[in-house]
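Subject: Structure handover and what I found in it

Hi there,

Here is the structure I promised to pass on to you. Have a look at it first, and then read my notes below.

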Amino acid sequence: MADTNDIQTFVQRYLVPEGSDELNKNLRAMAISFAVTDDKIKEIIKGMHKSMKTGLDHDDPNALPMIPTYVSGRPTGKETGTFLALDLGGTNLRVCQVTLKGDTTYSLVQQKFTITQEAKESRLWDFIAECVGVFLEEHDLHPAPGKRTIPCGYTFSFPIYQTGIASGNLSMWNKSFTVPNSVGRDVVNLTQSAFQRHHVPVEVVAVLNDTVGTLMTSGYSHPDTQMGIIFGTGTNAAYWERLENIGKWAGPDRKGEMVVNLEWGAFDNATEVLPYTAHDNKLNRKSSNHGLQVFEKMISGLFLGEVARNAILSLVDQRLIFGGRSSEILNKSYTFDTAYMSEIVADASPNLDGVKVVLEGTLDIPPTSLIDRKVVQHVCNMIGTRGVRLSAAAMSAVLLARPELLTSTVSVGIDGSMYQFYPNFEANLYAVSRVFLGGDFVDNRLKLHLAKDGSGVGAAIVAMTVDRDRQH
């Protein structure tokens, strides 16, 4: 087993013996800048715990947001019933009917509606009500006997300041939405009023984000789930925290647990502990949210390829690869997709034929040498390895925040393209976290599960827990 606390472990594997001294000097420097040693991870875990603690105590722009979600009922997997879920994203509105079967399994019927330009600019709330009305009619859905409405969970993927389990004020629009008279108002009220105008017999009983949904989806199938994570285009996590540890919680009850949404993409925006390189800085200074979501930019699918593109071009500019030439495609931002990184990292052929196809076929780079292809694979590996080690660091930090749970089995529900498709991502999460959580716990009690569709199924499960707890 390589010593992951020795910087040389992160350097030797990336040198190219048949390459020039100048090339290897640059590869060595690059490998050191992207290296995340065990000591570095310990520093990151410590920094994350400090930031979590501050964020739980009070709102602080320099700490993690640590948002109380008002979700306080864990699913058991035995609940039954049919619930609705709405999932409002940047391009589609999904309406789902989720039937919980009581044996930790569920079935799903869903319909997708493309959000029109008119809805994005003005009549969004009426558009949502019309789509839900169409769904109810087409699937012949009615409130249960004796009830006037069907309970519904609402995944709202725009920033909201949550004020209750079923209330949250819109902080701002993004994703090119500009609906007037909405910012600062309660999105559940706006939606519910539209339902009443259109005579749609649905009641939104919970509003949540997709990370909380991932946690709850996993929790229905695996009731020992402690954490939900998205490692995808973006990244975030939510976990169960004891109410007594949430200093800023102003609710009446201080007993029991609540799901806290970390918004961990914003961790260490001041870059005090993260291994920040010139290639990260280049991405950051050119991005629309400069200086924000710094952690997300180091580990998530939207950005990894761009960091790799910056690093590859820095070698091209020194004429160390591709004979100093690039291509129109590679010269444009965000053209080196993280999916290409996955293909490049996975290529085990002697001549790196897969790498050649990506570079010459897809990116239109002039004919490459085997050394060029090895270097590109090494650069992708450096950045991908950093990404998975930082991902494992963050997961370990959150699990270590509840050490009393680590004596039992703990499940973590994970969704997202990095977790699903990046080579060996899950195996590396286990391997890296062993160092910090202990071999006994990771080998025998930690269970990572793919929790697909948290934004649909998870919203329905939260609606179920709210509906269940209201009846008691």
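Let me start with an open sheet of 5 strands, in the order E4-E3-E2-E5-E8 and with mixed pairing. Its edge strands are E4 (106-114) and E8 (202-208), and each of these pairs on one side only. From one strand to the next, the twist averages 25°. On the terms: helices (H or I, at least four residues) and strands (E, at least two) are DSSP runs numbered from the N terminus, and two strands pair if DSSP finds at least two bridges between them.

This is a predicted model, in which local features need pLDDT of at least 70 and side-chain atom pairs count only at pLDDT 80 or more, while totals for chains, interfaces and linings use all residues. Residues are numbered from 1 along each chain as its sequence is written, and side-chain values use heavy atoms, with hydrogens and water left out.

Back to the sheet. Strand E5 (residues 150-156) pairs with E8 in the parallel sense, over 6 bridges. Ile-150 has Val-202 of E8 as its bridge partner. Helix H4 (residues 117-138) packs on this sheet and touches E2 (80-88), E3 (92-101), E4, E5 and E8; its direction makes about 135° with that of E4. A contact here means heavy atoms within 4.5 Å. Angles run from 0 to 180 degrees between N-to-C directions, with axes as lines fitted to C-alpha atoms, for helices over the stretch in contact. Helix H5 (residues 187-197) lies across E2, E5 and E8, and runs at about 160° to E8.

Now the other sheet. This open sheet has 6 strands in the order E1-E11-E10-E9-E12-E13, again with mixed pairing. Here the edge strands, each pairing on one side only, are E1 (67-68) and E13 (446-450). Strand E12 (residues 410-415) and E13 are parallel and share 5 bridges, with Val-412 standing opposite Leu-448 in E13. Helix H6 (residues 210-221) packs on this sheet, where it touches E9 (225-231), E10 (235-242), E11 (257-261) and E12. The direction of H6 makes about 135° with that of E9. Helix H13 packs on the sheet as well, touching E9, E10, E12 and E13, and its direction makes about 155° with that of E9.

E9 deserves a paragraph to itself. How many of its 7 residues are buried? The count is 7 of the 7, so E9 is largely enclosed by the rest of the structure. (Buried means under 20% relative accessible area, exposed over 50%, and partly exposed in between, with a 1.4 Å probe and protein chains only.) E9 pairs with E12 in the parallel sense over 5 bridges, and Gly-228 stands opposite Gly-413 in E12. E9 and E10 run antiparallel, joined by 5 bridges, and they form a hairpin with 3 residues between them. In that pairing, Ile-230 has Asn-236 of E10 as its bridge partner.

Next, helix H12 (residues 353-362). Which of its residues are buried? They are Val-355, Val-358 and Leu-359. Seen down the axis of H12, these fall within an arc of 85°, so they line one face of the helix; the arc is that of the directions from the helix axis to the C-beta atoms. On the other side, Val-357 and Gly-361 are exposed. The cover over the buried residues of H12 includes helix H11 (338-346) and helix H13 (370-400).

Two backbone details may interest you. Asp-364, in the loop between H12 and H13, has a positive phi of about 65° although it is not a glycine. Asp-364 counts as exposed, at 53% relative accessibility. Asn-181 lies in the loop between E7 (167-170) and H5, and its phi is also positive, near 55°. Asn-181 is exposed too, with a relative accessible area of 62%.

Finally, the protein chain as a whole. The secondary structure comes to 17 helices and 13 strands, and buried residues make up 55% of the 472 residues. Residues 24 or more positions apart account for 68% of the contacts with a separation of 6 or more. The C-alpha atoms fill a box of roughly 80 × 50 × 40 Å, taken along the principal axes.

Happy to talk any of this over.

Best wishes
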